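Trainee: Can you walk me through this one? I'd like to start with the charged pairs and then move to the sheet.

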Amino acid sequence: MVINYITYDSWWDTDITIIPELVKEYHLNVFVLSPFDNCKYPQKEIGQNVKLVHVHQKYRDRDLRSIGTAIKYFFKIYKECRRKDYINIFIPGKNPFFIILTLLFLSKKRTIICSHNYIEHGDTKFRGSKLVDFLKERFYQSFKWFHFYSEMQMDLFIKDYPSKDAFFTEMPLKDFGIAPIIEKKGNEVTLLFFGLIRDYKQLDLLIKAVNNLENPNLKVIIAGKATKEEQEKYLSLIKDKSIYELNFEFIPNENIPTIFSKADFLVLPYRSATQSGPSLIAINYSVPIIASDIVPFSDMVEDGVNGFLFESNNCEALTAVLKKVLMLNEEDTSCLRRNQSKYREDYIRNNDICKLFQQFINDKILYQI
């Protein structure tokens with residue numbers, strides 16, 4: 001059985017965790033479409049036994065000149081769909097011309113539509129693109145098989161499309177290599193806010209909570225890409241810049257283990273979330289998490305065991321948790337890390353992604369072909 005794994009640059013950080021799982025049981029052809037001059041993930045490295053077809057797009061997604069790229073990309077995939085023993089896993093991107101081609105010509109019987117967000121974040125819903133919204137609806141109506149990365153998103157989909165078949169897997173943990181050992185300075189506590197800066201992640205809430213504290217042992221690392229306007233916005237909120245380590249840029253994979261080694265806690269003050277890449281990195285490196293009490297964080301953080309929860313969108317509640325954290329002794333912090341390490345072991349054991357895909361393909365798709 002061959003799987004044609006069809007994706008887009010924006011999802012590559014998840015793809016590189018899924019592909020090694022699927023290759024355990026399947027031959028993989030991986031197709032990825034990337035913007036020509038603004039890749040979110042410029043590194044496209046995968047292991048052996050995987051055929052990688054990487055197409056660069058010279059123009060913007062909705063530029064009519066991108067039609068040529070869409071056709072070129074589609075026919076590279078379509079050539080692999082002539083064989084009898086294939087399944088497509090398709091993660092839709094933003095090129096509407098390519099999306100139209102897949103709607104028209106990809107096999108509905110042999111294609112799993114893989115969706116990260118059935119319900120989009122309020123500030124990210126395709127930037128108001130009615131065309132992409134329309135095409136997304138056509139996918140849900142036209143195709144038969146669907147995969148989601150959270151049970152909540154799958155349930156919302158099934159509620160609207162009860163006749164469709166869907167399954168979910170938890171997101172794999174994100175491992176970027178061995179983390180170096182970094183010695184802590186006395187009683188210093190380092191908080192980390194990591195990842196692409198977006199409004200719904202509420203970095204401003206963390207900054208305001210830190211402003212409420214006066215503790216010489218507190219350090220804050222902010223590491224993630226932000227626009228100049230966003231940088232100016234957050235810098236204007238900070239009262240004491242001396243306690244901050246600021247890196248408003250895309251973080252290369254090789255730097256991630258060191259950043260998480262510096263952190264005592266990852267802070268996730270999000271207003272909404274479907275999945276969280278930073279939380280999966282923190283769990284992988286046994287870093288305790290401070291998070292708002294929304295799903296999915298309330299499912300992965302047990303308050304006082306492997307991190308702390310606070311009432312969502314409540315600065316006073318976050319401030320109270322940070323005060324509690326600053327009062328912890330070394331043994332308390334070590335206990336939180338040990339519990340996070342145990343949670344990591346359980347998470348990996350209970351999330352056999354390849355097995356779940358295999359069950360769905362065998363029981364649903366192959367049964368009906």
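**Salt bridges and sheet**

Mentor: Lys-24 and Glu-21 join their side chains in a salt bridge, 3.0 Å from N to O. A salt bridge here is a side-chain nitrogen of Lys or Arg within 4 Å of a carboxyl oxygen of Asp or Glu. This is a predicted model, in which local features need pLDDT of at least 70, side-chain atom pairs count only at pLDDT 80 or more, and totals for chains, interfaces and linings use all residues. Residues are numbered from 1 along each chain as its sequence is written, and side-chain values use heavy atoms, with hydrogens and water left out.

Trainee: Is Lys-24 buried or exposed?

Mentor: Lys-24 is exposed, because its relative accessible area is 55%. Buried means under 20% relative accessible area, exposed over 50%, and partly exposed in between (1.4 Å probe, protein chains only).

Trainee: How many salt bridges turn up in the whole structure?

Mentor: The search finds 12. Among them is Lys-364 with Asp-165, at 3.3 Å from N to O. Lys-364 sits in helix α13 and Asp-165 in strand β7, so this pair ties together parts 199 residues apart in sequence. Helices (H or I, at least four residues) and strands (E, at least two) are DSSP runs, numbered from the N terminus.

Trainee: And how accessible is Lys-364?

Mentor: Lys-364 counts as partly exposed, at 32% relative accessibility. Asp-165 is also partly exposed, at 23%.

Trainee: OK, the sheet. What is the strand order?

Mentor: It is an open sheet of seven strands, ordered β3-β2-β1-β4-β5-β6-β7, with parallel pairing. Two strands pair if DSSP finds at least two bridges between them. β3 (50-57) and β7 (165-168) are the edge strands, each pairing on one side only.

Trainee: Which helix lies across β1, β2, β3 and β4?

Mentor: That is α1, residues 12-22, running at about 170° to β1. Axes are lines fitted to C-alpha atoms, for helices over the stretch in contact (heavy atoms within 4.5 Å). Angles run from 0 to 180 degrees between N-to-C directions. Helix α13 (residues 353-368) also packs on the sheet, touching β1, β4, β5, β6 and β7.

Trainee: Switching topic: where is Ile-67 found?

Mentor: In helix α2. Ile-67 counts as partly exposed, at 33% relative accessibility.

Trainee: Back to charges. Which residues are linked in a network of salt bridges?

Mentor: Lys-342, Asp-346 and Arg-349.
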